[in-house]
Amino acid sequence: MSRQDIEQVIADAPFFDGLSTDAVTFLASCARRASFSDQEAVFTHGAPADAFYLLLSGGITVEIGAISGPPLMLEELSAGSVLGWSWLIPPYRWHFQARAVAPTELLAFDGAAVRQHCEDDPQFGLALFKRFSGLMSERMEHARRTMMESWNPPGFA
């Protein structure tokens, strides 16, 4: 995928809608294509968070590990979704885990480079932070609902 192709994918993604051409060009310079096979971990809870992702094809589940047994699946993401915000907030460690549920293609964005650009260009930083804060709010609410629906402690009716 050429850099021009990457720029077009970013420009067409609803998450990045309204960003300036310069912002899209910068993001493209920080992006690389990444592939994951079915059931391969994209990231794991507690590992260093150094990127965020735009899902091009395939599927990703966002999960929370269990003390015992299988992880709790919080959400399944498809093409066009953005994955990951832990790269933005110290201490830059993943709060959840993500796993491909099919052969999956993503754009991986260099989190450190994007954070630095946010510092250097506050207008870009504000525009990006607004997008990610909305994403964080949506995902946390979805996770809360999923966990509450799954919670079934002994002794509760």
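How are helix 3 and helix 4 set to each other: parallel, antiparallel, perpendicular or oblique? The views below are close-ups of a predicted model.

**View 1. Helix 3 meets helix 4.** The axes of the two helices come within 5 Å. They cross at roughly 125°. Angles from 65 to 115 degrees count as roughly perpendicular and those over 145 as roughly antiparallel, so helix 3 and helix 4 are oblique to each other.

**View 2. Residues at the contact of helix 3 with helix 4.** Helix 3 brings Val114, His117, Cys118, Glu119 and Asp120. Helix 4 brings Pro122, Phe124, Gly125 and Leu128. By type, the residues of this contact are five nonpolar, two polar and two charged.

**View 3. The largest cavity.** One cavity of 30 Å³ or more is counted. The largest cavity holds about 140 Å³ of space. It is lined by 13 residues. Closest to its centre are Val62, Leu83, Trp85, Phe96 and Arg139.

**View 4. The lining of the largest cavity.** Strand 5 (72–77) and helix 4 (122–150) are the elements that each give two or more residues to this lining. Helix 4 gives the most, with three residues. Eight lining residues are nonpolar, three are polar and two are charged.

**View 5. The buried side of helix 2.** Helix 2 spans residues 21–29. Its buried residues are Ala23, Val24, Phe26, Leu27 and Ala28. Among the elements that cover these residues are helix 1 (3–12), helix 3 (111–120) and helix 4. The cover also includes strand 1 (31–36), strand 3 (51–57) and strand 8 (104–110).

Technical notes
Residues numbered from 1 in each chain as written. Predicted model: local features only at pLDDT ≥ 70, side-chain atom pairs only at ≥ 80, totals over all residues. Heavy atoms only, no water. 1 Å grid on protein atoms, 1.4 Å probe; cavity = no way out; pocket = protein on both sides within 12 Å on 5 of 7 lines; lining within 4 Å. Points joined across faces, edges and corners; volume = space filled by probe spheres on them. Helix = DSSP H or I, 4+ residues; strand = E, 2+ residues; numbered from the N terminus. Nonpolar A, V, L, I, M, F, W, Y, C, P; charged D, E, K, R; others polar. Buried < 20%, exposed > 50% of the residue type's maximum accessible area, 1.4 Å probe, protein only. Contact = heavy atoms within 4.5 Å. Axes fitted to C-alpha atoms, helices over the stretch in contact; angles between N-to-C directions. Parallel < 35°, antiparallel > 145°, perpendicular 65-115°, else oblique.
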